[in-house]
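I opened the model and kept notes as I went. The entries follow the order in which I looked things up.

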Amino acid sequence: MTALPPEPKVKLGLVIDLDTCVGCHACVIACKGWNTQGTNAPLSDQDPYGDASGTFLNRIHSFQVTPERPGGAAGLPQTVHFPKSCLHCDDAPCVTVCPTGASFKRAEDGIVLVNENDCMGCGLCAWACPYGAREVDEAAGIMKKCTLCVDRIHDETRPEEERQPACVRTCPAGARHFGDVADPDSAVSRLVAERGGVDLMPEQGTRPVNKYLPPRVKDTLQGADIAGEEDVLAPFLAPVTEEPGGFLGWLDRALDRL
Amino acid sequence: MTRQDPIPPSFDEVRKTTCYQCACRCGIDVHMKNGRAAYIEGNRDHPVNRGVLCAKGAAGIMTHNSPARLRAPMKRTGPRGSGQFEEITWDEALDLAVSWLGPIRDAAPEKLAFFTGRDQSQSFTSWWAQAFGTPNYAAHGGFCSVNMAAAGIYTMGGAFWEFGQPDWERTKLFLLFGVAEDHDSNPIKMGLGRLKERGARVVGINPIRSGYNAVADDWFGITPGTDGLLILSLVHCLMKAGKIDLAYLRDFTDAPVLIDARPGPGQGLALRDDDGHALVWCRDQQKPRCFDAHDVDPDLAGTWEVGDVTHRTVFAHMIDKYLDPAYAPEAVAERTGISAPRIRALAAEIARVAFEEEITLQREWTDFRGRRHATMTGRPVSFHAMRGISAHANGFQTCRALHMLQILLGAVETPGGFRFKPPYPKPATAHPKPHCKVTPGAPLDGPHLGFVHGPDDLCLNVDGTPARIDKAFTWENPMSAHGLMHMVVSNAHAGDPYEIDTLFFYMANMAWNSSMNTTGTMAMLADTKPDGSYVIPHIIYSDAYSSEMVAFADLILPDTTYLERHDCISLLDRPISEAEAAADAIRWPVVAPDRDVQSFQTTLIQLGARLGLPGFLRDDGAPRYSDYADYMVNHERRPGIGPLMGWRGDGEETGRGAPNSAQIDRYIENGGFCTAHIPEDAQFMKPWNMAYQDWAVELGLYDRPTPYLLTLWCEPLRRFQLAAEGHGTRQPPDHLRDRIRATFDPLPIWWDASEAHTAGGFDITALTQRPAAMYHSWGGQNAWLRQIHGYNPLYLPTALWERHGFAEDDWARVTSPHGEITVPVAHMPALNANTVWTWNAVGKRRGAWALRDDAPESNEGFLVNHLIHELLPPKGDGMRWSNSDPITGQAAWFDLKVRIERVAPPKDGRSRPAPAAQATPVGTGPRLLRWKVT
């Protein structure tokens with residue numbers, strides 16, 4: 001079994017905005033493209049032109065949810081797109097379960113990685129991870145996971161603005177944010193504070209570094225009869241006249257005022 | 001254990017070109033290793049995508065490496081549709097093409113029908129077709145979104161997507177109507193992200209709550225095909241409450257223009273002075289005056305009484321029409337599926353944002369009447385729509401209604417609203433008209449496509465028969481600005497209006513997902529006469545990949561991948577401009593093809609030279625252009641104006657200037673694109689802003705300033721109505737008179753287009769959507785993308801799911817008046833209660849795209865195209881009515897109505913119909929992929 005380091009002072013991770021993610025999969029493919037081309041073994045695809053199943057470090061799940069309105073009535077159903085990759089947990093069970101030491105958490109920035117040369121592909125880490133964030137690469141016979149693009153974010157030959165994970169750089173809607181979650185003054189920490197960012201499945205006790213920003217309340221444009229309260233928008237539609245044919249009179253007066 | 005920190009991968013260089021994984025045309029950084037393309041990410045400096053890139057773009061590397069790439073020119077050896085070919089040389093291929101095309105050109109050029117699909121070189125392909133002399137040319141707009149494009153140009157002088165965009169940085173309320181995930185791809189996602197960042201409200205009006213609608217703050221799950229009715233109800237509410245921008249309507253639109261009230265051939269047209277200027281009633285001088293006079297004070301409420309006739313303004317006609325209680329929310333709620341309180345809430349929110357949160361920029365400007373304005377004021381409400389509201393038979397008027405709403409709010413070309421992108425604004429009157437005069441051995445008399453303004457502009461022969469094979473610009477669909485590609489195969493097969501000899505398609509999968517009635521289309525392409533010869537004698541096709549269409553061609557001219565070619569994304573057709581800059585771009589071969597293929601445009605240049613087409617030869621008879629790159633640099637459409645605007649003349653000139661042999665190198669140095677920024681005082685109010693007009697002339701977009709009024713009252717529509725009422729010498733056939741009278745209203749109207757489809761209990765709407773991560777059938781060969789969208793169940797709303805007792809893994813038989821399919825189903829609550837849908841173009845024919853027989857796309861996967869016919873169900877009147885918009889001919893894909901029933905899953909697990917396999921001319925892809933360039 002493998003030990004975790006003392007709690008890192010820097011915790012690099014992702015903050016993912018579920019109110020903004022349109023489920024376009026740009027992050028999924030940017031991740032696949034970068035990580036097939038890195039120095040690790042490429043992310044293999046089995047039967048890629050038939051009934052394909054390949055290795056991805058980042059996937060998007062889509063859910064149908066029907067929230068309750070205040071008062072308990074059913075709201076309008078919603079689709080929620082949920083990108084999921086390794087959350088780089090402080091108490092990472094995938095690390096402590098690893099029999100070879102291949103899985104480890106970096107003391108300097110909290111990133112959880114796999115030493116591919118030491119991995120024997122036993123799959124215990126995938127079993128231990130409550131998030132299903134680990135995948136076996138069947139061609140390489142080893143376990144794969146999000147590296148937070150450690151080969152981009154610390155590459156000093158890259159311009160500073162390019163030192164971010166491929167998924168963050170590519171996200172067209174800007175739903176993915178990268179930074180130090182342990183620094184309360186970082187942009188990502190401020191975002192988490194402002195938007196009520198949450199841990200995924202906190203009851204699992206894994207203390208994930210990645211955070212999710214929940215979707216904002218939706219479908220508030222309902223009109224008076226459903227909202228059950230004063231229709232604050234109604235005055236904006238007050239007719240200019242109730243007189244039959246009175247509209248032209250209003251128009252004439254309005255034009256005079258212009 | 002020793003820690004093995006990953007080492008950053010090394011690349012030899014980055015080559016910057018333009019993506020072609022969809023029509024969005026983002027800038028990409030192609031990372032090269034040992035001469036091969038290894039990794040693609042977005043170009044940070046590019047005006048379209050500013051660094052980001054979608055799934056399709058990032059997966060471009062897998063499309064470039066696809067096993068379905070064609071390898072060499074091919075000649076058919078088996079029967080049409082079999083997929084049996086032999087490879088031939090380019091010389092043989094070009095000789096064969098010329099042996100068919102040469103005699104046609106000499107005798108009857110119209111016997112060539114040349115239609116291009118996802119063509120991004122239309123200014124070139126149309127120029128080739130014009131030189132050939134056939135009237136039968138168009139791209140795919142007629143079956144895509146011509147309603148949106150044409151309604152925009154006829155109404156505002158520009159359209160959404162390529163020709164305009166919301167003011168993403170300032171808008172405070174954004175309404176997205178209908179399926180629009182694909183055009184614009186990244187810019188809309190970036191824009192939504194900006195809105196979310198600023199807390200602006202996003203409203204989705206769409207039967208399906210997926211994609212962009214999933215993040216919408218408010219979702220209106222509208223009944224398909226009723227968007228126009230909802231919009232007119234919003235207009236009703238806003239007008240009634242006076243929440244319209246009267247000053248804007250007075251100064252910049254035709255709302256104050258006087259409409260002729262005298263019975264006769266001019267009734268319902270604008271009154272004009274002797275020079276053709278529209279007249280308005282001057283409130284100050286109390287007389288009719290020219291609309292653009294320096295000191296005119298147009299009166300929206302003005303009337304001009306002449307004898308016993310009272311001429312009234314466009315606006316007065318709008319009051320009559322839209323204050324009618326028929327448009328009250330209570331009157332439209334049931335039909336639209338949106339409750340009256342929600343319609344009012346939406347209208348009220350529009351009113352609140354438009355008039356309580358107006359934006360004023362301190363920018364001085366001068367309008368076309370010569371008046372100085374100290375500020376620019378806008379109503380920060382913006383809109384976008386594309387195919388969703390477009391692909392209905394009532395789509396043109398629906399799109400017009402949406403633009404009317406924008407105009408009433410004063411939200412076109414004002415801060416926070418909709419903004420044009422150069423070369424737009426450009427009114428319909430500044431566009432060419434369609435041309436169709438054929439002369440054997442000579443070019444056509446002008447451009448094929450354009451904007452008609454009345455019956456005189458139709459493409460009819462002297463005897464009144466259609467001049468074009470697709471019957472574009474005829475009484476059946478007079479304003480068909482993009483042609484009707486979806487009617488070409490069916491008309492060519494029927495010999496109606498005449499027989500053709502050669503069907504020439506580029507990049508259009510007409511034997512599969514790009515046709516209505518797919519089964520019938522395949523049969524028509526392969527149909528023979530009693531003597532065994534084919535009904536359509538010759539078919540030439542160009543594509544880079546082994547699509548379903550390849551099997552139906554006699555001759556294949558293989559194209560390159562997008563990383564292997566030159567292209568120009570040109571201001572002459574569909575550039576990449578933004579609201580604050582004109583911009584164009586190139587593609588260039590970042591890798592050389594490793595197959596015996598060449599870009600289709602180079603092939604056309606060679607064919608043009610071999611056929612001796614004007615413009616393709618020098619005076620000495622030698623080819624004028626060596627390849628497409630040579631054309632891009634040296635072709636001049638007008639003196640000094642070429643396909644590319646950047647680095648002309650001595651290399652310092654933009655827009656106008658002589659050809660510059662170093663031009664492409666300069667584009668490459670600049671990242672593959674060129675931008676020309678619009679001065680700050682010219683960035684809004686462009687149609688009326690003299691600073692913009694002068695800038696556009698300087699750049700070469702116009703040859704003289706072309707200010708105009710936004711057009712609420714569409715006179716071309718009224719001219720067709722007048723003809724239908726019996727005025728004029730060019731008269732519609734009697735069976736079309738009623739329809740033209742009813743639907744060609746000069747003001748936007750709504751009618752129920754579904755009525756033609758519902759008889760027989762077909763009362764459920766069936767739709768398709770294009771996934772954000774897949775573009776047409778092209779994505780299906782992509783090893784990464786097909787793992788995201790390899791399955792396409794039919795999604796059912798809760799009401800239908802429960803009514804029919806469906807459970808997970810169930811199948812359904814779906815029947816339309818035209819056909820039936822048997823498909824897997826899935827439950828989706830966030831869906832209009834009477835609508836079913838699936839992803840577009842995921843289903844594949846076995847043998848195509850180098851896919852293996854266990855690919856889900858050719859097992860469970862399916863198309864709904866089998867359910868849609870290019871003609872409406874028979875009405876019992878003996879006529880055949882096209883399943884298209886009666887104004888533009890836009891294919892009415894989304895008027896499809898079906899019945900549904902639960903059935904046992906097919907034993908073989910395959911959806912129905914399951915056409916037999918085609919032979920694959922390229923083999924199939926490998927069983928294992930470990931993609932890595934070393």
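**Hairpins in chain B**

I started with strand E13 (residues 279–282) of chain B, which 4 bridges join to strand E14 (residues 287–290) of chain B, the two running antiparallel. By pairing I mean that DSSP finds at least two bridges between two strands. Helices (H or I, at least four residues) and strands (E, at least two) are DSSP runs, numbered from the N terminus. Opposite Leu279(B) I found Cys290(B) in E14(B). E13(B) and E14(B) form a hairpin with 4 residues between them. In that turn Gln286(B) has a positive phi of about 55 degrees.

A note on the source: this is a predicted model, where local features need pLDDT of at least 70, side-chain atom pairs count only at pLDDT 80 or more, and totals for chains, interfaces and linings use all residues. Residues are numbered from 1 along each chain as its sequence is written, while chains are lettered from A and ligands numbered from 1 in the order in which they are written.

Next I looked at strand E15 (residues 303–306) of chain B and strand E16 (residues 309–313) of chain B. They pair in the antiparallel sense over 4 bridges. Trp304(B) has His311(B) in E16(B) as its bridge partner. The hairpin of E15(B) and E16(B) has 2 residues between the strands, and Gly307(B) there takes a positive phi near 60 degrees.

**Helix H4 of chain B**

Just after H4(B), Gly133(B) takes a positive phi of about 105 degrees.

I then checked for cis peptide bonds. The bond from Asp496(B) to Pro497(B) is cis, with omega near 15 degrees. Pro497(B) lies in the loop between helix H15 (488–494) and E23 of chain B. Arg912(B) and Pro913(B) are also joined by a cis peptide bond, with omega about -5 degrees. I placed Pro913(B) in the loop between strand E34 (897–903) and strand E35 (928–929) of chain B.

Positive phi came next. Asn517(B), a residue other than glycine, has phi near 55 degrees. Asn517(B) is found in the loop between E23 and helix H16 (518–526) of chain B. Is Asn517(B) buried or exposed? Asn517(B) is buried, with 22 other C-beta atoms within 10 Å. In chain A, Leu148(A) has phi near 60 degrees. Leu148(A) sits in the loop between strand E9 (142–144) and helix H4 (150–153) of chain A. Leu148(A) is buried as well, with 29 other C-beta atoms within 10 Å.

**Where the chains meet**

I counted 87 residues of chain B in contact with 80 residues of chain A. Helix H12 (residues 340–356) of chain B gives the most to the side of chain B that touches chain A, with 10 residues. By class, that side has 52 nonpolar, 13 polar and 22 charged residues. Ala, Val, Leu, Ile, Met, Phe, Trp, Tyr, Cys and Pro count as nonpolar, Asp, Glu, Lys and Arg as charged, and the others, Gly among them, as polar. Strands cross over too: 2 bridges join strand E2 (residues 45–46) of chain A to E35(B), running antiparallel. Asp45(A) stands opposite Leu929(B).

**A sheet in chain A**

Last, I traced an open sheet of 3 strands in chain A, in the order E10-E1-E11, with mixed pairing. The edge strands are E10 (176–180) and E11 (211–213) of chain A, each pairing on one side only. Strand E1 (residues 12–17) of chain A pairs with E10(A) in the antiparallel sense over 5 bridges. Gly13(A) stands opposite Gly179(A) in E10(A).

How values were computed:
Buried ≥ 20, exposed ≤ 12 C-beta atoms within 10 Å, placed from the backbone. Contact = placed C-beta atoms within 7 Å.
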